[in-house]
Amino acid sequence: MIYLALILLLAPLVGTLLLLYIQNRSKRLSVIISNFSILLSFFVSIYLLFLYFNYNYLPETHDVLIFADTKLYYLAFGLYIDSLSLMMSTVVTSVSFLVHYYSISYMKNESSFNRFFVYTNFFTFSMLLIVLSNNFFQLFIGWELVGLSSYLLIGFWTKKESAIKANYKAFLVNRVGDIGLLLGLCLIFVNYSTTNYAEVFSLSNTINNHDIEIFGTSFNMLSAICLLLFVGAMAKSAQVPLHFWLPDSMEGPTPISALIHAATMVTAGIYMVARLSPMYALADDVSLFILYIGTITAFFLGLVALVQNDIKRIIAYSTISQLGYMTAALGASLYSLAIFHLMTHAFFKALLFLCAGSIIVKCHHEQDIRNIGGLRKFMPITYMAFLYASLSLIGFPLTSGFYSKEGIIDAIGYYDYTIPYLMLLASIFTTTLYTSKIFFKVFFGECTLHDKNEKENDKEMLIPLIILTAPSVFLGLFIFDILMSGELFGSALASNALVIDFYNNYVTNSLHFFLHSFLTVNFLILVLALIFGYYYYYKKSFNISVPKFVSTMLEGEYGFNNLSSKYIPIFQNLFTKYLWKKIDILTIDNGLINNTSAILDKISNKVRKFHTGFIYHYSLTIISALILLLLIVRMQY
Amino acid sequence: MNIELITFFIFSFLLIFTCLKVVTSSNPVLSAVNLVFSFFLSAVLWLLLGAEFLSIILILVYVGAVMVLFLFVVMMLDINIAKKSAAYINYLPLGIGIFIAFNAIIIFFFINTFENIDYNAVKNIEIISKSNTENLGYLLFTKYLVEFEIAGLILLLGIISAIVLTYKKNPKNKYQNPTKQISVTKKDRLKVITGLKE
Amino acid sequence: MIPISYYLILSTIIFAISIAGIFINRKNILILLMSLELMFLSVNFNLITLGNYLGDLTGQVFVFFVLTVVAAESAIGLALLIVLFRNKKSIDVDDLSELKG
């Protein structure tokens with residue numbers, strides 16, 4: 001099993017290396033290598049999943065390669081194989097493969113075709129590194145590599161200025177999170193003196209009683225660790241204060257948005273918290289914080305999506321909002337629901353992005369939805385795929401999104417988190433609204449295509465859409481029962497009892513949940529929003545004037561854009577100028593370096609006068625030193 | 001007062017006097033001759049200490065070889081002695097000061113260090129005969145053989161370095177340059193000249 | 001029997017004279033070399049005296065080696081002197097200040 005898992009992990013890396021080797025020699029070869037390597041790891045992960053569940057394997061952890069084995073610390077490259085990591089790697093590899101396949105056609109006119117596949121393969125490898133790692137050290141490495149490949153892919157079009165700015169932004173914001181993650185790792189290392197997950201989990205109960213002092217106030221050690229690690233997750237998973245890199249990262253190629261910024265990389269934070277759920281389950285205060293962060297993200301950033309006009313930006317904000325749902329589920333200790341939503345979301349959001357990519361290609365890289373319209377007749381397959389993905393996104397009954405999202409909302413309601421529950425309900429409305437906005441504007445209304453004989457895109461671009469539609473719609477129904485009854489993840493996630501309790505008392509089974517949902521307020525809100533969207537965006541039968549300050553606030557994205565593009569640079573300029581003038585020039589250049597040399601110069605100018613070059617002067621010195629030495633020795637007696 | 005002590009005093013005073021002459025005389029020939037005298041006198045004092053072989057060696061090697069070498073050099077170098085006379089007067093006070101200071105420290109501070117030494121402590125050396133030369137030879141060729149060989153090597157080194165330093169190349173002589181011979185290339189040996197008209 | 005201190009004082013005086021000679025003499029490197037010979041002489045005196053009084057022949061063996069080294073040293077020193085005279089046409093101590101900083 002461990003060897004199969006190694007193949008699963010290393011196939012994309014080998015692909016990367018081969019792609020680096022072949023350079024731009026042959027497009028065909030790069031396509032074959034990149035797709036085959038991902039396909040291989042996809043099959044391996046499916047096979048592993050099959051093995052794991054059919055033969056009831058227990059979770060395994062292996063140290064494959066030991067870097068350092070001393071009394072002080074132990075660093076190793078290892079794999080952790082259990083249902084969670086296998087499910088996650090299946091999601092990653094499947095979405096990754098479909099995106100790869102889609103990219104063949106999408107990127108066919110790019111000059112640096114090979115480079116694209118190098119990056120994506122490398123990204124898949126680093127994501128799998130996070131997913132399969134059995135220790136924090138490897139997690140951190142994978143985390144950084146994911147950040148790196150994301151940086152490279154956002155700035156894939158190196159000549160596009162906005163792309164370069166966006167990848168800077170993504171990289172820097174992720175650095176902020178990484179500091180949190182790194183500090184958390186340091187605390188773990190100091191306290192547990194191990195980096196292995198299993199050992200840390202077994203020790204976390206004892207550490208729970210320890211305190212740490214920061215600036216005179218004392219915190220619970222475990223809470224501090226969890227909080228710092230969550231800061232890392234916040235940056236990766238685009239939660240509220242550190243979310244603003246994600247909309248900008250849409251400057252990259254669209255398949256990348258589908259792969260990285262919707263389906264996989266942004267879920268790394270969610271996955272990490274779920275992976276470390278035995279720790280987070282003990283830190284109640286941090287969980288509450290996570291819950292609120294998630295709810296705020298889900299609601300307020302869903303609102304921003306309403307005023308955006310760029311198709312990719314809308315979907316990006318919707319991603320942030322959906323990640324907010326997952327985070328809220330994590331905060332409410334409903335880890336398996338969060339992972340469930342993560343999986344369904346990965347599929348339908350990838351599908352949405354790939355549809356958006358098709359639309360963008362068809363409209364000659366026009367991304368503003370005000371200038372797109374009436375595509376239904378020209379792109380029937382894309383239309384259907386988009387329709388199903390949207391239904392899943394808004395949580396229409398029986399779709400995947402319905403089971404995962406309604407599950408989260410109802411469970412949060414069931415456990416009496418009132419404010420989060422209300423905010424999540426409200427964000428159903430916004431979600432439905434912005435989805436219907438895209439949907440109606442893009443596929444209905446006046447046709448904007450100049451050539452009336454346009455047809456659907458290439459086969460390569462359509463097949464992934466069709467394939468992705470299946471899990472987007474049916475995955476939820478398929479695994480809902482076994483997931484909710486705790487059979488799927490078993491001991492991999494903590495606090496299973498909460499979900500099982502919710503399942504037994506509220507849901508009972510998937511069919512019942514489906515029928516029951518028609519009676520809930522969720523469905524009412526959904527239908528209301530659909531009707532509203534239909535009349536507002538499609539029929540344009542009425543107009544709503546929002547207050548000025550609300551619209552400016554939403555369009556300015558709550559000032560986060562200004563924060564990163566205006567205020568922080570000003571502050572930074574002042575700070576770095578201060579550093580340059582006071583520290584660099586005054587202290588280091590003049591103070592340390594020039595002063596040292598000047599003092600040495602003075603001293604040596606004085607000293608060199610002793611160097612007369614005459615033998616008798618030297619011997620006089622020697623003799624007087626001898627006489628002094630003798631005197632000193634004499635004093636000793 | 002026994003004869004030993006009288007001899008010691010006479011020769012030691014003469015020794016100090018000649019040493020002073022070595023240092024202060026303005027003519028290097030004179031000081032060299034005085035140095036020869038001082039070696040002779042110290043050879044006598046060494047005899048008093050029972051070091052017969054060394055005192056003979058001092059006269060034979062030092063006076064016979066090294067001091068003659070000194071005299072040779074003095075004669076070889078064409079130095080103007082006349083203008084050097086009485087130059088040392090200026091520095092005499094410094095010299096005297098150092099002399100006194102050094103003597104004072106050594107003599108008055110350290111001389112009583114030796115009074116309480118147990119002289120019999122180290123007398124376990126193997127003495128094979130009454131002759132000093134025989135004993136010394138025995139030691140040199142058994143215990144200190146390696147050091148003896150090294151001393152020979154040092155003398156060889158002295159010879160070679162003295163020759164190398166003073167060797168003067170005569171431009172009239174013809175000799176080979178091995179370095180140049182080794183580093184010759186094909187081009188240097190053969191030069192093909194084309195395009196010459198007859 | 002002559003007390004050991006007499007010999008030691010004698011060697012000290014010779015040593016001091018040769019040190020003073022280095023300072024007094026500013027005109028001739030030859031005399032400087034001669035002072036060095038005197039210094040070695042006084043050191044040899046010490047070695048022989050103490051060896052004699054301790055009843056140990058090692059002191060005399062050491063003097064033997066010192067004599068060898070001094071012979072080699074004076075040969076090299078004189079050779080250097082000749083080279084110096086060839087180059088500078090002078091053996092004046094005052095002219096030798098190439099080590100000046």
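This is a predicted model: local features need pLDDT of at least 70, side-chain atom pairs count only at pLDDT 80 or more; totals for chains, interfaces and linings use all residues.
**Exercise 1. How do helices α17(A) and α18(A) run relative to each other, parallel or antiparallel?**

Step 1. Find the two helices: α17 covers residues 400-414 of chain A, and α18 covers residues 418-443 of chain A.

Step 2. Look at their axes, which come within 8 Å and cross at roughly 155 degrees.

Step 3. Angles over 145 degrees count as roughly antiparallel, and α17(A) and α18(A) are therefore roughly antiparallel to each other. Their crossing is left-handed.

Step 4. Now zoom in on the side chains. From α17(A), A:I409, A:I412 and A:G413 meet A:P420, A:Y421, A:L424 and A:L425 of α18(A). Sorted by class, this contact has six nonpolar residues, one polar and no charged ones.

**Exercise 2. Check what helix α2 of chain B should span against its end C-alpha atoms.**

Step 1. The helix takes in residues 28-48, which is 21 residues.

Step 2. The expected span uses one less than the number of residues, so at 1.5 Å a residue α2(B) should span 30 Å.

Step 3. The end C-alpha atoms are 30 Å apart, which agrees.

Step 4. Have a look past the helix too: α2(B) is followed by B:G50, with a positive phi near 90 degrees.

**Exercise 3. Describe chain C and its contact with chain A.**

Step 1. Chain C has three helices and zero strands, in the order α-α-α from the N terminus.

Step 2. Of its 101 residues, 53% are buried.

Step 3. Turn to the contact: ten residues come from chain C and ten from chain A. The chain C side has six nonpolar, two polar and two charged residues.

Terms used. Residues are numbered from 1 along each chain as its sequence is written. Chains are lettered from A and ligands numbered from 1 in the order in which they are written. Two residues are in contact if their C-beta atoms, placed from the backbone, lie within 7 Å. Ala, Val, Leu, Ile, Met, Phe, Trp, Tyr, Cys and Pro count as nonpolar, Asp, Glu, Lys and Arg as charged, and the others, Gly among them, as polar. Helices (H or I, at least four residues) and strands (E, at least two) are DSSP runs, numbered from the N terminus. A residue is buried if 20 or more other C-beta atoms lie within 10 Å of its own, exposed if 12 or fewer, and partly exposed in between; C-beta atoms are placed from the backbone. Axes are lines fitted to C-alpha atoms, for helices over the stretch in contact, and angles run from 0 to 180 degrees between N-to-C directions. Angles under 35 degrees count as roughly parallel, over 145 as roughly antiparallel, 65 to 115 as roughly perpendicular and the rest as oblique. A crossing is left-handed if the near helix is turned anticlockwise from the far one by less than a right angle, and right-handed if clockwise.
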